[in-house]
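Visitor: I am new to this structure. Can you show me how to read it, one feature at a time?

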Amino acid sequence: MATMQVSNIVLVFSVVFKFIAMIIGVLGNITVIIYTIFSGKEKTATSYLVGNLGLADLLVCLTFYPISIIELIQIILNIGNDQDLFCKLHRSTIWALLFASVATLLAITVDRYLYIIKPLKYPLIVTKRRVFLAIWGIWLAVCCLCTVLVFRFRRSVDSGLRSLCSADEHTYLLLKIFVGYVPLILIFILNFQIFNVARKQRKRILAEATVTINISSEMSSKRLIGIVRLLVGFKAAKTFAIVVALLTFCVLTPTVVSKAIRSCTEPCRQMWFIVFQYDFYGMNSIVNAFIYGLRHIKYRKAYGNIPLKLLCCNKLTN
């Protein structure tokens, strides 16, 4: 049976990092949910999907990080616990909620695709009722996946180390294919087509702007509104592309590093698999909220209002 060879200093650093990440992720995703669904002036189908992405990321911060922090503290203090229960809760929640994020991103990509490719038919195709059905379908699939994974993951008996969980090879293969690779491939294909159409339409808009056409002011204002909507759609598509790139990095990095460190020393392997591997999945849920803040001024204003509202609450209580 192998012995734990990870320093307590590293474990304490990981606990502090996870705690700070959890607080930042909770505040950021709550802000996205409140602004997008409850405070936003325009309630669109896309806003509900963005809110659902924020909800999935918020649940990651409220489940994955607390479970990890409790486990690491117990390792530091040398307190025993039920490792099978830890493996079932930790692995099933992170994989199920990662599926919720990926499925929501796929739905957002389809929404952007229809908005750019078929702008006239978009209001008829993408309705709030259909969006709500898609969201309910995503969470129903998440619940089913989480239930199945609870029975698939267990403590790794071969190594004898704490915090190492295992499942059969078929389970890992199916998770990687249907939670990671297939949705990401579909998202990349749709985004590639979106950017192709966007590039062509932008060239056409710039070409038409250089030609003086005598049309009525009413027609020019309608055309201007259409161009503005189109440019807003392009910016939203770019934002989602950044989110997808981050998700790809967070999903593929653990797979690549896990294969690369097979020849590494035992302490190195333990440090990766016990402390850092699943932090990449959690990091995706933290950064998503702040991508919207960097890309859109309305989210930056919402984040900036948080300290002001906290100060107002403190003054009222005093």
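Guide: Start with one term. Contact means heavy atoms within 4.5 Å. Keep in mind that this is a predicted model.

Visitor: With which residues is W95 in contact, leaving aside its neighbours within four places in sequence?

Guide: W95 is in contact with L145, L149, F153, L175, V179, Y278 and Y281.

Visitor: Which residues have the most contacts inside the largest nonpolar core?

Guide: A nonpolar core is a set of buried nonpolar residues joined through side-chain atoms within 4.5 Å. Here the largest one has 63 residues, and W95 and L98 have the most contacts inside it. Helices α1, α2 (45–76), α3, α5 (128–152), α6 (169–209), α7 (217–260), α8 (266–276) and α9 (279–295) each supply at least two residues of this core.

Visitor: Is T109 buried or exposed?

Guide: Buried means under 20% relative accessible area. T109 has 2%, so T109 is buried. The residue sits in helix α3, which covers residues 83–117. A polar atom of the T109 side chain lies 2.7 Å from the backbone oxygen of L105. Beyond its neighbours within four places in sequence, T109 is in contact with I187, L190, N191 and I194.

Visitor: Now charges. How many salt bridges does the count come to?

Guide: Side chains of opposite charge can pair when their charged atoms come close. In this model the count comes to three salt bridges. In one of them, the side chains of D279 and K18 meet, with 3.0 Å from N to O. That pair links distant parts of the chain: D279 is in helix α9 and K18 in helix α1, 261 residues apart. Both D279 and K18 are buried.

Visitor: What about R112 and D111?

Guide: Their side chains also meet in a salt bridge, at 3.0 Å from N to O. R112 and D111 are buried.

Visitor: Which residue forms a salt bridge with D168?

Guide: R152 does, and the closest N and O atoms are 2.5 Å apart. D168 lies in the loop between β2 (165–166) and α6, while R152 lies in helix α5, so the pair ties together parts 16 residues apart in sequence. D168 is partly exposed, with a relative accessible area of 22%. R152 is partly exposed too, at 34%.

Visitor: Last, the surface. Which residues form a nonpolar patch there?

Guide: The patch is formed by V12, V16, F19, I20, I23, I24 and L27. Together they have about 590 Å² of accessible area. Take I23 as a case. I23 lies in helix α1, residues 8–39. Its relative accessible area is 38%, so I23 is partly exposed.

Note on methods: Residues numbered from 1 in each chain as written. Predicted model: local features only at pLDDT ≥ 70, side-chain atom pairs only at ≥ 80, totals over all residues. Heavy atoms only, no water. Patch = residues over 30% accessible without salt bridge, like charges linked within 9 Å, V, L, I, M, F, W, Y side chains within 5 Å. Areas by Shrake-Rupley, 256 points an atom, 1.4 Å probe, with all protein chains shown as cover. Salt bridge = Lys/Arg side-chain N within 4 Å of Asp/Glu carboxyl O. Helix = DSSP H or I, 4+ residues; strand = E, 2+ residues; numbered from the N terminus. Buried < 20%, exposed > 50% of the residue type's maximum accessible area, 1.4 Å probe, protein only. Polar contact = N/O pair within 3.5 Å; in protein donor to acceptor, adjacent residues only side chain to side chain.
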